[in-house]
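Let's take a friendly walk through a protein model. Have the sequence and the 3D view ready, and look up each residue as it comes along.

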Amino acid sequence: MNMLKQATANLGTELLVHAGPTLAQIGPLRGMAVRAIETYGRRGLTQSRATSHHPPGVDEDRLLMGLALAHTIERILVERRASQAVRRTLFQILVQGLIFHQAGTEAMARFTARYGEHPCSFLVISPGKACNLRCLGCYADAGPTAEKLDWATFDRIITEAKELWGASFFVISGGEPLAYRSDGKGVLDAAEKHRDCLFLMYTNGTLIDDRVAARMAEVGNLTPALSVEGFRERTDARRGAGVFDKVLAAMARLRQTGVPFGISLTATCHNCEEILSDEFIDFFFAQQGALYGFIFHYMPIGRAFTLDLMPTPEQRLWLWRRSWELIRQQRLFLADFWNHGTAVEGCISAGRSGGYLHIDWNGAVSPCVFVPYSPVNIKDIYARGGTLNDVWAEPFFADIRAWQREYGLGQPTQERVGNWLAPCIIRDHHETLRRLMAMHEPEPTDPNAREALLDEEYYRGLAVYDREWQALSGQVWEEHYQRWGCPQGSDITPLPEVPRPTVVTAKS
C-alpha cells in the first residue's frame, strides 16, 4: 500500500510539473488558484485565533507574508517573467513541497528521530571572499583576495545538507558570488548540478553580462537579489561611480532572458526612508521588474564598522510599519530580517528548524552571516570524518537554539512568547550573545570581528541600543500583537500610527 501511495504521488508530481506551467498561463485557472489560496489562508487565520499559541498579531503577519509570496509567484506567471526552465523549477518546488510534501521528508524524519529536533532548513554559503567592488562598510570586508572554498568542499556541503537534513534551499553570498571560481567551476555550476534545489544569490549585479543572464535562464533554479542603496547618488556613493547604471543594465538582461530577480537593500540611518519611499518602490518593482526585496539593517561588523550608521530605534520602528504597509497594500514580498521576526518565530540563526547556519570562504561556520564568531570549521570536521550533523551539534549553536526556545520559539502559550520585534541575538540581545561567547569562546572569523569583541565602547553602545529598542518596540508588541481583541471574521487588524523619524544627516 505504501509503495502504491508513493508511486501515485510520484506520478502526480510528474504530471503537475509538466502540465503546470502551461495551465498557469490560463488566466481563469490561475486566478481561481490564487483566490483559493487567499480564502484558505484567511479561513485558517480565523481558526488559529482560537487554537494558536502565537500572539494574535503574529498569525496575521504570517498570513500576510504568505499571501505576498503567492502574489509574487502569480506575477512571475502573469507577466511572463520566467524562462521555461524557471517555470518548471517553480512548479516542481511547489508541487513536491506544498502539495505532496515529498522534498526531504525522509531525511528530516531520520534527523529528528536521532536528535529530537528538526534540522536546519537551509544554509547560507559564502564560497568566496573575492569581490570586484570595494564597498564602504562591507560586512564581509570583501575585495581582491584568493580566500575561497575549494569546489569539492562547496559541493559536498550542498550534497550533505540535502541528504542529512532534506534541505532544498540555499543562499549564496560572498564576497561577490559570481567572482567565485574553483576547479573551473562557479555558483551557476552548483545550481546546475543540484537542480532539485532553489538557490538565492546576493550579488552586486555588475558581473551579470549577456552570457551569465542566459546561463541563469537555462539553469532555471537560481534567482539573484541585486544590491542597491537607494537611487543613483546613494548607490554610487557606497559602491562606486557607475555601479547603479550597471545594476539597471543587469536587470534589463534578466528581464529579457526570463530570470526572476529581486533587490537587496542595506538600511542605514541615512537612507531608510528613501529605500521604502513610493518613488523607489515603484521604480524597482513596477518599472524595473523586481519581484521581491530583502532589507538588511546596517550591522556594525566588517570593514570600518561603526554604530553611527545603524538606523535609530525611531527609524527602525518606522521601517517596521512602512514595510508591513507595503506588504499589506501592494502584496509585495518584502522581508526585513530584523523587523519581521513575527513571520518566522524570532531569530533564525544557529541551525534551528526554519533557520540556517552560515559557512564562509575559509570553512568557518557561524550562527549567522552577521554574527562573525565560529566554534568550528567545516574543513576540520571533514578531515576527522565528520559531517554537517557534527557541525549542527556544536554546543555554541545548541545554546543559542536553547535561548531561542526560551524566548518563544515553539512555546505552548502566548504568555511565554518574547518580543519578536526584537529577535536578533547580536543586535537586540547583545549581552546574551556575549554571555554565550564567554562560555564557548568561538573564534572571530576576521580581524574586524576580533576588534569589535575587544571594544568596550562598542559593547556599551549596543547594550544601550538594545534597551532603547526593547522599550520602544515593546509597547507595539503589547498593544498590536498581544492585547487587542481578535476581530470578527477574517479582517486584518490596522497598523498603529508611528511618527515619521527625525532625519539623520550624513557627517561631513
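We begin at a helix and what surrounds it. The buried residues of α9 pack against the strands β4 (222-228) and β5 (262-267) and against helix α10. Which residues of α9 are buried? Helix α9 spans residues 232-239, and its buried residues are T235, D236, R238 and R239. Just after this helix comes G240, whose phi is positive, at about 120 degrees. Keep in mind as you look that this is a predicted model.

**A pair of helices**

The axes of α8 (residues 210-219) and α10 (residues 243-257) come within 9 Å and cross at roughly 40 degrees. That angle makes α8 oblique to α10. The crossing of the two helices is right-handed. On the α8 side, D210, A213, A214, M216 and A217 take part in the contact, and they meet R253, L254 and T257 of α10. Sorted by type, the residues of this contact are five nonpolar, one polar and two charged. When you look at which positions of a helix face a partner, one rule is handy: an α-helix has 3.6 residues a turn, so residues three or four places apart point the same way.

**The nonpolar core**

M216 turns up again in the core. The largest nonpolar core has 142 residues, and among them L123 and M216 touch the most other members. In soluble globular proteins, nonpolar side chains tend to be buried together. What does L123 touch, leaving aside its neighbours within four places in sequence? Its contacts are I157, A161, W165, F169, F170, V171, Y356, L357, I359 and L388.

Now zoom out to the whole protein. It has 19 helices and twelve strands. Of its 508 residues, 57% are buried. Among contacts with a separation of 6 or more, 75% join residues 24 or more positions apart.

**Loops worth a look**

| Residue | Phi |
|---|---|
| D141 | near 55 degrees |
| E441 | about 50 degrees |

D141 lies in the loop between β1 (122-125) and α6 (151-165). E441 belongs to the loop between α17 (430-440) and β12 (443-444). Is E441 buried or exposed? E441 is exposed, because its relative accessible area is 64%, and the cut-off for exposed is over 50%.

Another loop, between β2 (169-172) and α7 (187-193), contains G175. The peptide bond from G174 to G175 is cis, with omega near 10 degrees.

Our last stop is G302, in the loop between β6 (292-297) and α13 (313-330). With a relative accessible area of 5%, G302 is buried, since buried means under 20%. Which residues does G302 touch, not counting those up to four places away in sequence? They are C138, Y139 and N448. G302 also shows how the fold brings together parts of the chain: the C-alpha atoms of G302 and L136 are separated by 9.8 Å, although these residues are 166 residues apart along the chain.

Technical notes: Residues are numbered from 1 along each chain as its sequence is written. This is a predicted model: local features need pLDDT of at least 70, side-chain atom pairs count only at pLDDT 80 or more; totals for chains, interfaces and linings use all residues. Side-chain values use heavy atoms; hydrogens and water are left out. Axes are lines fitted to C-alpha atoms, for helices over the stretch in contact, and angles run from 0 to 180 degrees between N-to-C directions. Helices (H or I, at least four residues) and strands (E, at least two) are DSSP runs, numbered from the N terminus. Angles under 35 degrees count as roughly parallel, over 145 as roughly antiparallel, 65 to 115 as roughly perpendicular and the rest as oblique. A crossing is left-handed if the near helix is turned anticlockwise from the far one by less than a right angle, and right-handed if clockwise. Contact means heavy atoms within 4.5 Å. Ala, Val, Leu, Ile, Met, Phe, Trp, Tyr, Cys and Pro count as nonpolar, Asp, Glu, Lys and Arg as charged, and the others, Gly among them, as polar. Buried means under 20% relative accessible area, exposed over 50%, partly exposed in between (1.4 Å probe, protein chains only). A nonpolar core is a set of buried Ala, Val, Leu, Ile, Met, Phe, Trp, Tyr and Cys residues joined through side-chain atoms within 4.5 Å.
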